[in-house]
Amino acid sequence: MTISITVLMSVYNDKKYIKESILSVLNQTYKNFEFIIINDGSTDSSLEIINQFALSDSRIRVINKSNSGLYRSLNLGIQKARGEW
């Protein structure tokens with residue numbers, strides 16, 4: 001089955017809201033998507049939270065990188081995307 005949609009999320013020190021944000025995407029009724037979460041060098045526990053979700057949902061792909069800002073992070077996610085949209 002081909003992936004129809006790629007959802008991108010860039011994260012930087014968002015431990016307070018990251019669970020809610022990830023669940024919002026995962027709980028959509030449409031299920032044929034990949035979910036790329038780019039950790040942009042977080043120094044809090046954001047990456048650990050993201051990795052916990054990735055272990056339980058195969059649609060999640062995690063990219064961990066040093067901090068370079070939102071635009072570079074999302075551009076990297078676009079390069080790695082496999083979805084048609």
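## Strands, helices and how they pack

Let's start in the sheet of this predicted model: threonine 6 sits across from glutamate 34, a residue of strand 2. Helix 2 packs on this sheet and touches strand 1, strand 2 and strand 3. The direction of helix 2 makes about 155 degrees with that of strand 3.

As for the sheet itself, it is open and built from three strands in the order 1-2-3, with parallel pairing. Strand 1 and strand 3 (60-65) are the edge strands, each pairing on one side only. On average, and ignoring direction, neighbouring strands are turned by 20 degrees against each other.

Now for the pairing of strand 1 (residues 5-11) with strand 2 (residues 33-40): the two run parallel and share seven bridges. Two of the facing pairs are listed here.

| Residue | Opposite it in strand 2 |
|---|---|
| Threonine 6 | Glutamate 34 |

To get from strand 1 to strand 2, the chain passes through helix 1, and this β-α-β crossover is right-handed.

What about the two helices? Helix 1 (residues 18-26) packs against helix 2 (residues 46-56) at an angle of about 30 degrees, and their axes are 10 Å apart. Angles under 35 degrees count as roughly parallel, so helix 1 is roughly parallel to helix 2. Their crossing is right-handed.

Which residues of helix 1 meet helix 2? They are Ile18, Lys19, Ile22, Leu23 and Leu26, and they meet Ile49, Ile50 and Phe53 in helix 2. Sorted by class, this contact has seven nonpolar residues, one charged residue and no polar ones.

Methods:
Residues are numbered from 1 along each chain as its sequence is written. This is a predicted model: local features need pLDDT of at least 70, side-chain atom pairs count only at pLDDT 80 or more; totals for chains, interfaces and linings use all residues. Side-chain values use heavy atoms; hydrogens and water are left out. Axes are lines fitted to C-alpha atoms, for helices over the stretch in contact, and angles run from 0 to 180 degrees between N-to-C directions. Helices (H or I, at least four residues) and strands (E, at least two) are DSSP runs, numbered from the N terminus. Angles under 35 degrees count as roughly parallel, over 145 as roughly antiparallel, 65 to 115 as roughly perpendicular and the rest as oblique. A crossing is left-handed if the near helix is turned anticlockwise from the far one by less than a right angle, and right-handed if clockwise. Contact means heavy atoms within 4.5 Å. Ala, Val, Leu, Ile, Met, Phe, Trp, Tyr, Cys and Pro count as nonpolar, Asp, Glu, Lys and Arg as charged, and the others, Gly among them, as polar. Two strands pair if DSSP finds at least two bridges between them. A crossover is right-handed if, with the strands pointing away from the viewer, the path from the first strand over the helix to the second runs clockwise.
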